[in-house]
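This report describes the fold of a predicted model.

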Amino acid sequence: MNITKTENKGIVTLKLEGWLDTLSATELGETVAAIETAASIVLDFDAVEYMSSAGLRQVIFAHKTAKELGAAFSVINVNQEVMSIFRMTNIDKKIKISAK
């Protein structure tokens, strides 16, 4: 998994590429935990091919971190396979998620 972090006017975007699985979920968690201030945190899933339950936990952790910072949170560019995971777990009802 590759994670590219950009910041623009308080919007922190984490562009993820590859598989968000048990091996890579820790890296996402560490990247999110390092965010000290933000008006908004965006996870860009445009290049995410697969997400495991460990990855799902890190998305929830990122949402919680955003709330603690008083920041907006969203997940964008989600493919249909990953979107089905969000729907099955009803996470799409609690987090702003948009499909490709």
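The model holds an open sheet of 5 strands in the order S1-S2-S3-S4-S5, and the pairing is mixed. Strands S1 (2-8) and S5 (96-99) form the edges, each pairing on one side only. From one strand to the next, the twist averages 15°. Strands S2 (residues 11-20) and S3 (residues 40-51) run parallel and are joined by 9 bridges. Within this pairing, Leu14 has Leu43 of S3 opposite.

| Helix | Strands | Angle |
|---|---|---|
| H1 (residues 22-33) | touches S1, S2 and S3 | about 175° with S2 |
| H3 (residues 80-88) | lies across S3, S4 (72-78) and S5 | about 115° to S3 |

Helix H1 packs on the sheet.

In soluble globular proteins, nonpolar side chains tend to be buried together. Here the largest nonpolar core has 29 residues, and Phe45, Val59, Val75 and Phe86 are those with the most contacts inside it. Two or more residues of this core come from each of S2, H1, S3, helix H2 (53-69), S4 and H3. Strand S3 gives the largest share, 5 residues.

Which residues does Val59 contact, leaving aside its neighbours within four places in sequence? They are Leu20, Leu43, Phe45, Met51, Phe73, Val75, Phe86 and Ile95. Among these contacts of Val59 is Leu43, the residue of S3 that stands opposite Leu14.

Conventions. Residues are numbered from 1 along each chain as its sequence is written. This is a predicted model: local features need pLDDT of at least 70, side-chain atom pairs count only at pLDDT 80 or more; totals for chains, interfaces and linings use all residues. Side-chain values use heavy atoms; hydrogens and water are left out. Two strands pair if DSSP finds at least two bridges between them. Helices (H or I, at least four residues) and strands (E, at least two) are DSSP runs, numbered from the N terminus. Axes are lines fitted to C-alpha atoms, for helices over the stretch in contact, and angles run from 0 to 180 degrees between N-to-C directions. Contact means heavy atoms within 4.5 Å. A nonpolar core is a set of buried Ala, Val, Leu, Ile, Met, Phe, Trp, Tyr and Cys residues joined through side-chain atoms within 4.5 Å. Buried means under 20% relative accessible area, exposed over 50%, partly exposed in between (1.4 Å probe, protein chains only).
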